[in-house]
Each structure stands twice: as structure tokens, then as C-alpha cells.
Amino acid sequence: MYKLVVLISGSGSNLQQFIDHIETGDIDAEIAAVISNRPDAYGLQRAEKAGIPTVVLDHKQFIDRQSFDQSLAQIIDSFTPDLIILAGFMRILSDAFVTHFSNKLINIHPSLLPKYKGLHTHRRALENGDQEHGASVHFVIPELDAGTVILQGKVPIKADDSEDSLAERVHKIEHIIYPKAVKWLANGDLKVKDNILFLKGEKITSPPVITLEDG
Ligand code: GRF
């Protein structure tokens, strides 16, 4: 069975999608563990409710990033996952960590990468007067938000949007594209070789895009 480890820091609404899609049989995988760096992350309760093992690794108990990342890597390795999913994990990971899990570590970023790497993506999209915004599922490489993009979700920006209303719409598309990308990886439809993506055997030069029409 294809094994996932999901890393969270907060609400875990994307985690919930994976749980639900596995339960209905849409994603053929199992979540071996959910790991949170925050003891109070609500996502831990979601995992417990679904009978998934949880681990809390509080970064505040570590003297530096390197020692935290080393412990985190050891814990992840103990579950022998095929894929490690960052789902609202609010820690920058060291190069050594990322390299260790090369091609097995994915993230979702709330923008249409390569636009708006880093923080405050919704605000920046609004300030620039963009007509559309979205989210990107991508492989993680040492450079922040720069790995190969697997799948993107687009949402329209409406004239009366606030940061919050836009964030909510982006979250909706995240909940569609993240499970889909994980499904493709779990069932072998999507493969990556030398940073080139192959979807069902076809080389893809620009990532597939799903658009949220009404939201
Ligand atoms: C998502 O918006 C994601 O883009 C960002 O963190 C948020 C996670 O939300 N990296 P949730 O914890 O899955 O609800």
C-alpha cells in the first residue's frame, strides 16, 4: 500500500480531504502518520478521529532548526512513507531535510506559482489588481516555493474581494487539486524524472490547471 505521512501546523482542512478521499476509495493509499510541530493543531484531532497515528514534535523544544529537522526526518523515515505531504506546515525546512526527501516531498502554495512565492499571497494579488489567483501543488526543493509544479487551481478575483474572501475561495480550490495530485502520485499516473513530469506516460511541459468557476 502506498504510504503517506502528512505534516501539519494548524487546522488540517487539506488533511481532511486526504482522509475523506482515502475513505471513499478515490485515493488508493494509507496515511501512516500525521505529524504536527504544534501541540494544539486542530488537524491532530481530525487524524485521531480517523484512527491515524499522530506525532507532536514541538520545534520550541529544539535548540536550532538543524536538530529539529534531523529528529523530524528520523520520525518520518520510521514510517517508511512513499510520499511526504506538507499541508499547512508552517516551518521552513533546511536544505539537508529537503534533499533527503527529494522527489518525495510535496507542498501546496496559495498562489499561481511562479507568482507570489512566500507570504501574503492574497494581499499581493489584490494589490496588483490581478484578475485571477489560485494555488499550486509542487515538489519541494531547497529554494522556497520553486520546485516543479504538479497541478494548479485557478480562481477568479472579484471586484469586492477582501483578503479573507479571496483566501476562502483559494482554500476551496486547494481542496480539489491537492487530493487529485496525491491520487495521481499514489496510483502511478504521475511520475517525475530529472524535474520533468510525466502524466499517464505523456511528458507535460506546463502544469495542468483546474479552474473554479463559481465560488
Ligand atoms: C493552506 O492555505 C496552504 O496553502 C497553506 O496553509 C494552509 C493550510 O490550510 N500552506 P489547512 O491547515 O490545510 O486548513
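Guide: Helices, of at least four residues, and strands, of at least two, are DSSP runs that are numbered from the N terminus. Please keep in mind that this is a predicted model.

Visitor: Where is the place of Tyr116?

Guide: Tyr116 is not a glycine, and yet it has a positive phi of about 55°. As for its place, Tyr116 belongs to the loop between E5 and H5.

Visitor: Which peptide bond is cis?

Guide: Pro114, like Tyr116, has its place in the loop between E5 and H5. With omega near 10°, the cis peptide bond is the one from Leu113 to Pro114.

Visitor: Which pocket does the ligand take up?

Guide: The residues around the ligand include Ser11, Gly12, Ser13 and Asn14, and also Gly88, Ile108, Pro110, His171 and Glu174. Sorted by class, this shell has two nonpolar residues, six polar ones and one charged one. The space that the ligand takes is the largest pocket.

Visitor: Which elements give two or more residues to the shell around the ligand?

Guide: Among the residues around the ligand are Ser13, Asn14, His171 and Glu174. The elements that give two or more residues to that shell are helix H1 (13-23) and helix H6 (163-186).

Visitor: How much of the accessible area of the ligand does the protein cover?

Guide: Consider some polar atoms first: a polar backbone atom of Asn14 is 2.9 Å from an oxygen atom of the ligand, while a backbone N or O atom of Ile108 lies 3.5 Å from a nitrogen atom of the ligand. A polar side-chain atom of His171 also lies 3.2 Å from an oxygen atom of the ligand. Of the 370 Å² of accessible area that the ligand has on its own, the protein covers 82%.

Visitor: Which residues are the closest to the centre of the largest pocket?

Guide: The largest pocket has a volume of about 1,000 Å³. It is lined by 38 residues, and those closest to its centre are Gly88, Phe89, Met90, Ile108 and Pro110.

Visitor: Which element gives the most to the lining of the largest pocket?

Guide: The lining divides by class into 17 nonpolar, 15 polar and six charged residues. At least two residues of the lining come from each of H1, strand E5 (105-109), helix H5 (121-127) and H6. With six residues, the element that gives the most to this lining is H6.

Methods:
Residues are numbered from 1 along each chain as its sequence is written. This is a predicted model: local features need pLDDT of at least 70, side-chain atom pairs count only at pLDDT 80 or more; totals for chains, interfaces and linings use all residues. Side-chain values use heavy atoms; hydrogens and water are left out. A residue is near a molecule or strand if one of its heavy atoms lies within 4 Å of it. A polar contact is a pair of N or O atoms within 3.5 Å; within protein, one must be able to donate a hydrogen and the other to accept it, and residues adjacent in sequence count only if both atoms are side-chain atoms. Accessible areas come from the Shrake-Rupley method with a 1.4 Å probe; for residues, only the protein chains shown count as cover. On a 1 Å grid over the protein atoms alone, a cavity is a set of points where a 1.4 Å probe fits but cannot get out, and a pocket is an open set with protein on both sides within 12 Å along at least five of seven lines; lining residues have an atom within 4 Å of a point. A molecule sits in a cavity or pocket if more than half of its atoms lie within 2 Å of its grid points. Ala, Val, Leu, Ile, Met, Phe, Trp, Tyr, Cys and Pro count as nonpolar, Asp, Glu, Lys and Arg as charged, and the others, Gly among them, as polar. Grid points are joined across faces, edges and corners, and a volume is the space filled by probe spheres set on the points.
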